[in-house]
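Colleague: I would like to learn how to read strands and helices in a model like this one. Could we go through it feature by feature?

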Amino acid sequence: MAARRGICSLLSRSLLSSSCSSSSSCSSGYGFGSFLQSRGRVSRLHGIGRRFSSSALAEEELVTPPVQISYTQNLINGQFVDAASGKTFPTYDPRTGEVIAHVAEGEAEDINRAVSAARKAFDEGKWPKMTAYERSRILLRFADLVEKHSAELAALETWNNGKPYEQSARTEIPIFVRLFHYYAGWADKIHGLTVPADGKYHVQVLHEPIGVAGQIIPWNFPLLMFAWKVGPALACGNTIVLKTAEQTPLTALYVAKLFHEAGLPPGVLNVVSGYGPTAGAALASHMDVDKLAFTGSTNTGKVVLELASKSNLKPVTLELGGKSPFIVCEDADVDKAVELAHFALFFNQGQCCCAGSRTFVHERIYDEFVEKSRARAQRRVVGDPFKKGVEQGPQIDSEQFAKVLRYIKSGIESDATLECGGDRLGSKGYFVQPTVFSNVKDDMLIAKDEIFGPVQSILKFKDIDEVIQRANATRYGLAAGVFTTNLDTANTITRGLRTGTVWVNCFDVFDAAIPFGGYKMSGMGREKGIYSLQNYLQVKAVVTPLKNPAWL
């Protein structure tokens, strides 16, 4: 669930590069209900004044994460090993900016070794030759082990990423397990076809594993993106070299170890941590990788695609950036729409590729919506993500933190109205005040670029034709939300929007069976569901003459 994700970028990114808490009737696919809300009302200020108290955050005692970091080396051919160079890089706690571990820094040689292991496991190993039922059982055993270790994994995800522990434990780990149950179910249901031909021929269409899959995942949802990539590739019988985001390598290494405990043969799943320009580029351009899948920024996706085409023309699946419209129609229940729009933008600290980051509101209810959106943002609980009731933790790192603040400054300088927020929160770590802008125009950077942070931009519209045109006037096309009680209005808007997903009166519903991907510069191909299997299969036609057939 894509992310400009500072990800394992192959390019350095400039700070301004182009690029629910649910009520009873608003639903989200994450389905974990409302986090506790602060009940203290904050008086409205204008301009750039602070709305949030930073002193409490600065003085609060942080929770010590209840987990030990056990795996920091690269996993190649079933073994944890140091980087070929012996180098390591630091990974940080975004609550403080302090180093929590040093991780083996994979580079081109480590990618070569991992690809060699994956190639041998595919060409000579038993994984592709196992029955599909046996592969399915390994995936199921792995899911069971993840459930057994769910508390450690949730703590590690929150410590390395900064997302609320309640979100990691109650939502993302269960979704992770569900995804592997789903793909385990598919493993023995992948089959070809027998097709008729004009003549005396027996024609089989085989669906074969594609071979060695290279996969590059982002930092915003490390575990879920692991599942989106690894699940379908293994169900189809492939082997994998996966590069983690340099910001969040820890949980991928942990679950890869659990996979081997579940019986996965050596070399089938290899995990290398490292930076984009070294490890990422080496994987994308490797001549012995048969397929590449990448989730990250659009700019980096272009580089990945170019490297793949200039090497062995390997097929590429891309899940890239977005600037998703969230359209609130004039018939909306304003209170419910405010809550869902708030969730659509602020979930996961705003670090979500499909975040509803352009909130279009009908002019008849615009003022009321802005007032209530400001009040909801001011009640948002920001703090140590390990503490119960916290809705928002820190941004991932200093780069993303600075980028978000830079976009906020751009919004102010563009004469959008800063309703609340607009600054850092506390003096330590990467916490940003929940920020709301009104009177936003389509040509402002905060309305055009993927900010990837807790910044809500509220725009006004007059009629359906206008909002469809404006919603589509972007280089992105990942997702959209529509809030209306009128079925005809919903049908008109959903068919008019050029996006890969449209959520109607809900948002972020990520069931394992629902395909996800974008139009335009939001990517190519689909993740999840039956469509994801197509990414990891080759189609082969086998034609055999028939002698004196009884029928054709």
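Colleague: Which residue stands opposite Thr295 in strand 12?

Modeller: Bear in mind that this is a predicted model. Opposite Thr295 stands Glu319 of strand 12. The two strands involved, strand 11 (residues 291-295) and strand 12, pair in the parallel sense over four bridges. Between them the chain passes through helix 9 (residues 298-310), and this β-α-β crossover is right-handed.

Colleague: Which other strand is joined to strand 12, and by how many bridges?

Modeller: Strand 21 (residues 523-524) is joined to strand 12 by two bridges, and the pair runs antiparallel. Leu318 has Met524 as its bridge partner in strand 21.

Colleague: How do I read the faces of a strand?

Modeller: In a regular strand, side chains alternate between the two faces of the sheet.

Colleague: Are the faces of strand 12 covered or open?

Modeller: Both faces of strand 12 (residues 316-319) are covered. Val316 and Leu318 are buried on one side, and Thr317 and Glu319 are buried on the other. Buried here means under 20% relative accessible area.

Colleague: In which sense do strand 15 and strand 16 pair?

Modeller: Strand 15 and strand 16 (residues 435-438) are antiparallel, with three bridges. Thr417 has Ser438 in strand 16 as its bridge partner.

Colleague: How many residues of helix 11 are buried?

Modeller: Ten of the 14 residues of helix 11 are buried, so to speak mostly covered. Among them are Tyr366, Phe369, Val370 and Arg374. The buried residues of helix 11 pack against helix 10 and against strands including strand 15 and strand 16.

Colleague: What span does helix 11 reach?

Modeller: Helix 11 (residues 366-379) reaches 20 Å from its first C-alpha to its last, close to the 20 Å expected at 1.5 Å a residue.

Note on methods: Residues are numbered from 1 along each chain as its sequence is written. This is a predicted model: local features need pLDDT of at least 70, side-chain atom pairs count only at pLDDT 80 or more; totals for chains, interfaces and linings use all residues. Side-chain values use heavy atoms; hydrogens and water are left out. Two strands pair if DSSP finds at least two bridges between them. The expected span of a helix is 1.5 Å times one less than its number of residues. Buried means under 20% relative accessible area, exposed over 50%, partly exposed in between (1.4 Å probe, protein chains only). Contact means heavy atoms within 4.5 Å. A crossover is right-handed if, with the strands pointing away from the viewer, the path from the first strand over the helix to the second runs clockwise.
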